[in-house]
Structure formats: C-alpha cells, structure tokens
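Let's take a friendly walk through a protein model, one piece at a time. Have the 3D view ready and follow along as the elements are named.

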Amino acid sequence: MINPHAKLSSNLFSAEIEKKPTRDGFGLGTVEAGKKDQNVVVLCADLKESTRAEWFEKEFPDRFIEVGVAEQNMAALGAGFAAAGKVPYIASYAAFSPGRNYEQIRTTIALNERPVIVCGMHAGVSVGPDGATHQMLEDMGLMRMLPNMTVLNPGDAEEARKTVVWAATHTGPVYIRFGRSNVPTFTTPETPFVVGKALTLWSAQEGTQPKVALVATGSLSYEALLAARSLASEGIESIVLHMPSVKPLDEEALMDAAKKCGRVITIEEHQIAGGFGSAVAECLSECYPVPVMRLGLRDTFGQSGTPDELLEYYGLTAPKIAETARKFVKGA
Amino acid sequence: MALTDEDVLRIEGKAEAIRETILDMLVAAGSGHTAGPLGMSDIFASFYFHILKHDPTKPDWEERDILILSNGHIVPVRYSAMAHAGYFPVEECLTLRKFGSRLQGHPERLRLPGLETTSGPLGEGLSQAAAIAYAFRMDGKKNNVYVLMGDGEQDEGNVWEAVMWAGKEKLNSLTAVIDRNNIQIDGMTEDIMPLESLRAKYEAFGWHVLEVNGHDVRAFIGAVEEAKSIFEKPVCIIAHTIPGKGVPEIEFDYKWHGKPPTAEEAKRFMQQLRSGAGRVPNEYA
C-alpha cells in the first residue's frame, strides 16, 4: 500500500498524472536558488535550451556564463568560481560532464573540496534516439567513487527541483543526475526530501509478510511502484524504497528492508557495475547479507530507440520488474 | 611599486636562498623535480618578495592577490619561496613528500594554507584563475590574479579551452606566466609537440603577449607592471628560463626535469649555486 507519509501525487495511478522531464527541475531549481542567493551562477557548455539553463539565464543574465563546447574548462572554471565565493552549477550532458571532464572534477572539485554542483543531463537510455554515445550509464559510478562527492538521482521534476535548491546550501561538491524524457511527477512539494534518506513509496499490507524489497533510484522508482501494485494484486507483498540519495546511502533503511523482506531487487538506468545497485549490494553484503538482484544495463552500451522501447528492452519497465520479482520470489 | 637597485639585489638574494632550499628539500625527499623549480626561482622570488599583495600570517586575507600554480610538479619552488617569505619555518621544507607532511608531492590546498588550488594534473590552473578573475570583476574586487604554467603543459587541450574563454571575456586582471624552458619529461618541447609560435597562438586568441628573460628580476617585474596597464585583454608573459638555472652542470638538460639530485650531486650543485654559477671564485662558495 502507498505510504501516506510520502504525500505522493493524488493522480499517482491515473493516466492524468503530470509528466515532465527531470531536467525541468534543474531550470526551476536554479532560478529558485538564484533568488535566494545572489552568488549563484550557472555555467553551460552550449546546451542551454536542452539543459534548461536558459531558464536561469532569462532571470539572471549577468549570472549565466556560457563557456562553449568545452566541458573540461567548465569543470575547472566551476572550481574557480567556487574559490571566489560563488555557488556554481555546471550543466551539460552527463556523457560529457562528468563523462569527459572526470579528471577536472576529481582534482579541482572533489580533492580540492570546492562546492561545485555538477549537473549531468540526458542520463540513461531514456535519452532515446540519440543512441549509445549520448546515453550516459556510468556517471553515478564515476561520481560515487570520488571522496567528498554527494550523488543525487531525483525521481521526478519536483524532486529534482528540491535537490537543486538544496545543493546551493551544501558546503561540498555535489553531482545531480537528470533525464531527458517525460516521466511522471509522482512526488509533490510536500513529499519529504532529505539527503541521505530513502523514501518508502509502498509498504506491505499490515499483518502480511513482504517477500521482496524493490529498491530504486531516479525516475524508475515510479516503475517500481507500479510493479509493487501489480504484484500486490497477485498476492505478492513488497516494499518500494525510492533512493534519490545514492551517496550518502540510507544504510539503515536498506538494512531494515532487507530484514523485512529477505531479498532485494535494485533498479537503475545505469550499468549495474559500479552504480546504485553496486552501492546497495556493497552495503548489504557488509551489514545484512541477503540475496540481491540488480536491474540495469549488464555490461552493455545502449542504442537508438524510443525511451519506452529501450526501457523495455533492458528490463526496466514495471511489467519487467514485476516479472523479475515473481521469479526471484519463487526461486527462494 | 618602484623598484630600486637595492630591491633587485634583495630579490636576487632571496632567489638564491630559494634555490638552496630546493636542493636541500629534494635531497631529503629522494624524489621530485629539479630543473623547473630552479628555473622558476627568480620569478617566485619576484612574486613573493615584490609583486604580490599578500600577508604570510593571513593566507586567506580577502585583499590578497591570487597566485595559482598550475604545473604543480614544480611546487618545491613555491614551498621554498613561501617558507622564506614566512608562511612556515624553512626547516619544514625538509618534510617535502614525506608521510604526514603538509608539503605533498603535488600541492594540496587543504593541507597547506596559502596554496590557492590543488594541482598537478596539467592544464587546469588557467581555468580556475580565469573564473576567479571573472568572479572578482562581477563583485567589483580589484585583486590581481596570476597563474603560472609550464610550457609542456601547453599540450593540454584544457589550456586552450581556457585561453579561448579568457580572451572572449577580456579578463584584464588576469596575467598568465608561462615558464618557457623548452623542456618536458620526454625531451625538448619542439621535438615532443612543437609550441611555436606560442606568442602568435595567444595573440590569435585575444591575449596581449609579453616576452621576457625569466631570470632578469627587473625585466620580469617590469613585464608584470606593464600587464597591469593593458585593458580589455588578459596578458600572457612568456618567461624564457633556463631549466636547472644556477647549476651549470644540469642547465638545459631535460633529463633533470623529473629527478632529484643524490646527496653527493647536491653537494656539487650547491657549490655551483654558491659560486654564482662560476662567477665567484670557489674559495668563497
């Protein structure tokens, strides 16, 4: 059943649910942060329309900085702006930032502890027709490995806005992941967002024993929720944890879910190696070992197609998640 | 600031002291770079003992000029100059590259106050300096921003992204100094990856370029002063230096880019240093 404390959208299971790309949350969040703090600046590498950085530019033209197609420079510029007391967001596609400029982020931002907010757009296979070159599937892994870095993967545009506003108040470096395609806005302004905390979207009926924990990050948490609903209708109770905070990870919530369910499925639009599923498996293998199945891309690049086709092909839609869960539960 | 003959002598004396400490610290460390730090000693002495507005007792002073070292591998010269300027005791230089030391093999800002950035991986200092200059302009701050780069470092694509951007933004408070010593690890720059005409490249990207003898303290300080009078453009000072300067035995030899002297070699080098590269009879050395 839906967790009432999550204060989710009233249209949660209706076709009427609002659909927006999470990158919209970047546009809204930076404008909001810019109003609160005049030191906020936004740097963009020739992608201001698709990253939504132009929403900030429109509001604060003097604080919008166009760097051209130069992501390495953008990252190190970010470190410089932070050194001078600014609060810089650097925006490009995740394939290029942090894909191309990893070392600049490592040295000038993470090791140097400069509070730069690295915003990676168009992450995951749901970029769609652009194909494998632009479908970044390794960004959370790259960023998660860096000491000092906070890694956030919001579930929808509203939560994305909250992550962006929060990041301006944080004193360390942050990576935030965004997607290109329209996804359901399942949270509301009242939904709690706390860095380092998981949000329970779905829990087992009282007095029943959940058989599996669906632990998801990003917009796929909504697919996990749909899967849980469909499993419940078949009598398979589950828990859905939405984890926008990939680092720090809510270890307590994970252990609790593992204890309750005895098995965990992780769901992410990312390589299963090194990303969110790895983080969960690392945590549980040390703290509370239970069988874990990771859904994501299994050591393969993406390809062209529509977002729906691709998510289905790689087993990341609600029916595919439910199918995996059924097999997993039966096999035990 | 007017530069008197006494000032020049004083700065030159500091440069010699900086060089001697560099040799001491490299021997104690047993690893590190020799040629670059010795070649940049006159420039570092000029910065820390004349050009920079700074306060060794207040490394975070709001009004300080910013000096960024992009080619972090020559940091022994910065540590030595900072120690002689009073940032920390000169004896601490002997902890270079040792476990627990604030003087890391490549500079880390968070470990030692006064470093401004963490550097070593090449090509990133100019970007950071340019952003600081831009942010200061936004805030109406008048601090000068200097960045020192190597010439081999100019091979990095990131450098040219930053050169393009600083030119576009006409960052006139930004002065970049390139240590043009013509060597890099694998050999002479013009064999490994030709840079010439370096001047024309920077000019083409919207910079004002000055060229000086990097061992002539008066000329170098003059160039920095001249840079301040250039409006609407960032300035690049190509400082021609001799790698290993002060120790004739290793001058111009690229093999000394990335290795330290042994204790025995250092003794010999020290003698060459103290004899003013042979200008002073050895009995005074």
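Begin with one pair of residues: Leu152(A) stands opposite Ser245(A) in strand 12 of chain A. This is a predicted model, in which local features need pLDDT of at least 70 and side-chain atom pairs count only at pLDDT 80 or more, while totals for chains, interfaces and linings use all residues. Residues are numbered from 1 along each chain as its sequence is written, and chains are lettered from A and ligands numbered from 1 in the order in which they are written.

Helices (H or I, at least four residues) and strands (E, at least two) are DSSP runs, numbered from the N terminus. Two strands pair if DSSP finds at least two bridges between them.

**The two sheets of chain A**

The opening residue pair belongs to a wider pattern. Strand 6 (residues 150-152) of chain A and strand 12 of chain A run antiparallel and are joined by 2 bridges. They are part of an open sheet of 7 strands in chain A, with the order 3-2-4-5-7-6-12 and mixed pairing. Which strands are at its edges? They are strand 3 (64-66) and strand 12 (245-247) of chain A, each pairing on one side only. On average, neighbouring strands of this sheet are turned by 20° against each other, direction ignored.

Helix 4 (residues 71-83) of chain A lies across strand 2 (40-44) and strand 4 (87-93) of chain A, and runs at about 170° to strand 4 of chain A. Angles here run from 0 to 180 degrees between N-to-C directions, and axes are lines fitted to C-alpha atoms, for helices over the stretch in contact.

Another open sheet of chain A has 5 strands in the order 9-11-10-13-14, again with mixed pairing. Strand 9 (199-202) and strand 14 (292-297) of chain A each have a single partner strand, so one side of each is left without a neighbour in the sheet. The twist averages 25° from one strand to the next. Strand 9 of chain A pairs with strand 11 (residues 238-242) of chain A in the antiparallel sense over 3 bridges. Within these strands, Leu199(A) stands opposite His242(A) in strand 11 of chain A. Helix 10 of chain A packs on the sheet, where it touches strand 10 (212-216), strand 13 and strand 14 of chain A, and its direction makes about 145° with that of strand 13 of chain A. Helix 12 (residues 318-331) of chain A lies across strand 10, strand 11, strand 13 and strand 14 of chain A, at about 145° to strand 10 of chain A.

The contact takes 30 residues from domain 1 of chain A and 31 residues from domain 2 of chain A, where two residues are in contact if their C-beta atoms, placed from the backbone, lie within 7 Å. Among the elements that each supply at least two residues of the domain 1 side are helix 8 (220-233) and strand 12 of chain A.

**Where the chains meet**

How many residues of chain A are in contact with chain B? There are 20, and they meet 19 residues of chain B. Helix 4 of chain A gives the most to the chain A side, with 8 residues. That side divides into 9 nonpolar, 8 polar and 3 charged residues. Ala, Val, Leu, Ile, Met, Phe, Trp, Tyr, Cys and Pro count as nonpolar, Asp, Glu, Lys and Arg as charged, and the others, Gly among them, as polar.

**Helix packing in chain B**

Helix 1 (residues 5-29) of chain B packs against helix 3 (residues 41-51) of chain B and also against helix 4 (residues 75-85) of chain B.

| Helix pair | Angle | Axis distance |
|---|---|---|
| Helix 1 and helix 3 of chain B | about 125° | 8 Å |
| Helix 1 and helix 4 of chain B | about 125° | 9 Å |

Helix 1 of chain B and helix 3 of chain B are therefore oblique to each other, and helix 1 and helix 4 of chain B are oblique too. For this naming, angles under 35 degrees count as roughly parallel, over 145 as roughly antiparallel, 65 to 115 as roughly perpendicular and the rest as oblique.
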